[in-house]
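Let's walk through this structure together, starting with its aromatic rings and ending with one of its sheets.

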Amino acid sequence: MSLQMITVSNNIALIQPGFSLMNFDGQVFFFGQKGWPKRSCPTGVFHFDVKQNHLKLKPAVFSKDSCYLPPLRYPATCIFRGSLESEKHQYIIHGGKTPNNELSDKIYIMSVVGKNNKKVTFRCTEKDLVGDVPEARYGHSIDVVYSRGKSMGVLFGGRSYIPSAQRTTEKWNSVADCLPHVFLVDFEFGCSTSYILPELQDGLSFHVSIARNDTIYILGGHSLANNIRPANLYSIKVDLPLGSPAVNCTVLPGGISVSSAILTQTNSDEFVIVGGYQLENQKRMVCNIVSFVDNKIEIREMETPDWTPDIKHSRIWFGSNMGNGNVFLGIPGDNKQATSEAFYFYMLKCAEDDVNEDQKTLTNSQTSTEDPGDSTPFEDSEEFCFSAEANSFDGDDEFDTYNEDDEEDESETGYWITCCATCDVDINTWVPFYSTELNKPAMIYCSHGDGHWVHAQCMDLAERTLIHLSEGSNKYYCNEHVKIARALQTPKRVLPLKKPPLKSLHKKGSGKIFTPAKKSFLRRLFD
């Protein structure tokens with residue numbers, strides 16, 4: 001095993017925990033940026049070009065008949081072939097988080113439809129499911145098994161938001177383990193069936209899964225309900241006769257306690273497990289070899305690479321499988337230095353360079369640490385707030401360079417604006433603040449001048465006040481303009497002088513009556 005640091009030619013803050021890498025015939029592609037795709041790369045998929053330890057991100061293109069693929073973090077991905085002997089393959093993508101922290105329940109199929117020396121063209125199609133449709137989730141696994149000349153997808157584990165009836169402002173992003181059901185998905189007909197296996201009692205997330213012929217092996221994982229990483233090893237065998245499928249689960253000895261590990265394949269019967277966590281606050285620095293001999297699985301420790309001091313002392317790490325026995329790793333930069341990068345990256349080579357990627361055995365794992373930041377700074381928390389802006393892309397070949405001037409004026413086109421000098425609403429890290437919010441931050445209209453929109457969160461408005469103002473037609477002034485509005489308020493109305501009745505015009509005590517001319521003069525005087 002060899003560890004090499006990767007340098008970058010541009011700002012690749014797009015690469016953050018939760019991304020995925022896909023290998024098509026030796027070419028690696030990046031998927032899962034934290035923010036919405038920019039106009040300079042509307043697909044959000046990039047060619048992950050590493051040459052001589054130097055990384056470049058080049059925007060990828062899709063065919064015109066492709067559906068939109070949102071930038072999903074922590075999805076379940078796997079390779080799908082028409083048969084075990086087929087060399088051509090596709091990628092299955094299910095679930096994951098959107099930049100708005102919504103969870104997806106959709107299945108996408110990624111395939112290559114065109115390729116030349118400089119450009120690869122993808123096609124993405126969305127697969128509709130019927131039957132027992134898996135709920136939206138992330139941190140789970142999806143694999144493909146082959147039995148009796150047929151294939152079937154196997155989906156297991158993951159986390160999902162608590163039911164909407166239980167979600168409040170304080171617990172809006174609270175998640176729970178998905179039920180430990182096993183879903184069989186027929187990609188040809190779009191049918192999904194759920195199976196309850198007595199051996200699987202607890203939900204697991206961020207486990208490692210290995211698909212081998214008609215069997216799925218589940219290793220490790222984290223149980224959120226019990227806050228443990230059980231050292232379990234499950235074998236799920238799927239038989240596909242002409243009738244109904246048969247699904248059986250067996251508990252095997254020799255499991256390991258690990259979550260969020262990265263799995264890479266080094267040869268047809270051997271895999272390497274890298275990274276992960278053994279405790280909530282402790283990375284797992286040990287690597288394991290998983291080998292298959294006579295259809296029996298064996299897990300043993302192997303010699304670890306020479307980890308750098310930065311890797312040893314970092315609180316988190318994340319990464320993904322690049323294929324060919326290579327693993328891409330990232331750690332946070334040193335925030336103590338003013339010029340520090342957000343992340344440092346390494347490539348770990350677990351096999352010789354001549355490893356053939358066209359291998360029959362298919363692999364899958366949740367190939368990055370879970371997005372840290374909601375409850376703890378480690379893998380099993382929910383959000384790690386780093387900027388995800390792409391400041392530039394390398395402009396060689398025929399690819400366009402990134403230019404901020406190409407971006408739309410967000411102050412005129414959407415909710416993602418800077419509403420005031422202290423506005424802290426970020427498109428890449430925004431999460432619901434009010435229980436009434438769904439997809440976008442709540443905004444309210446300031447009536448000063450020509451009017452403008454401001455975020456209710458930035459104005460420190462209570463949700464009750466926000467609802468009250470939105471229901472009525474009252475004018476509202478933001479924090480910056482409320483003083484101006486108060487200064488321009490109309491003065492209080494002064495009551496007019498009361499006109500005396502005509503009979504009071506008679507001079508008291510004199511007995512005289514005013515002449516008509518005097519009455520007219522006095523009337524004009526009082527008026």
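By the ring rule used here, there are 23 aromatic pairs; rings of Phe, Tyr and Trp (its six-membered ring) pair if their centres lie within 6.5 Å, and planes under 30 degrees apart count as stacked, over 60 as edge-to-face and the rest as tilted. One of the pairs is F19 with F318, edge-to-face at 6.2 Å centre to centre and 85 degrees between the planes. F19 sits in the loop between β1 (2-8) and β2 (20-24), while F318 belongs to strand β28 (residues 318-323), so this pair links distant parts of the chain, 299 residues apart. Strands here are DSSP runs (E, at least two residues), numbered from the N terminus. F19 and F318 are both buried, meaning under 20% relative accessible area with a 1.4 Å probe, protein chains only. Ring pairs also join F19 and F318 with F30, F46, F48, F328, F343 and F345 in a cluster.

A word on the source: this is a predicted model, where local features need pLDDT of at least 70, side-chain atom pairs count only at pLDDT 80 or more, and totals for chains, interfaces and linings use all residues. Residues are numbered from 1 along each chain as its sequence is written, and side-chain values use heavy atoms, with hydrogens and water left out.

Charges meet rings too. The charged end of K97 sits over the ring of Y138, 4.6 Å from its centre (NZ of Lys or CZ of Arg within 6 Å of the ring centre and within 35 degrees of the ring normal). K283 lies over the face of W317, at 5.6 Å from the ring centre.

Finally, an open sheet of 5 strands runs in the order β6-β10-β9-β8-β7, with mixed pairing; two strands pair if DSSP finds at least two bridges between them. At its edges are β6 (61-62) and β7 (76-81), each pairing on one side only. β6 pairs with β10 (residues 120-127) in the parallel sense over 2 bridges, and V61 stands opposite T121 in β10.

Terms used. Helices (H or I, at least four residues) and strands (E, at least two) are DSSP runs, numbered from the N terminus. Buried means under 20% relative accessible area, exposed over 50%, partly exposed in between (1.4 Å probe, protein chains only).
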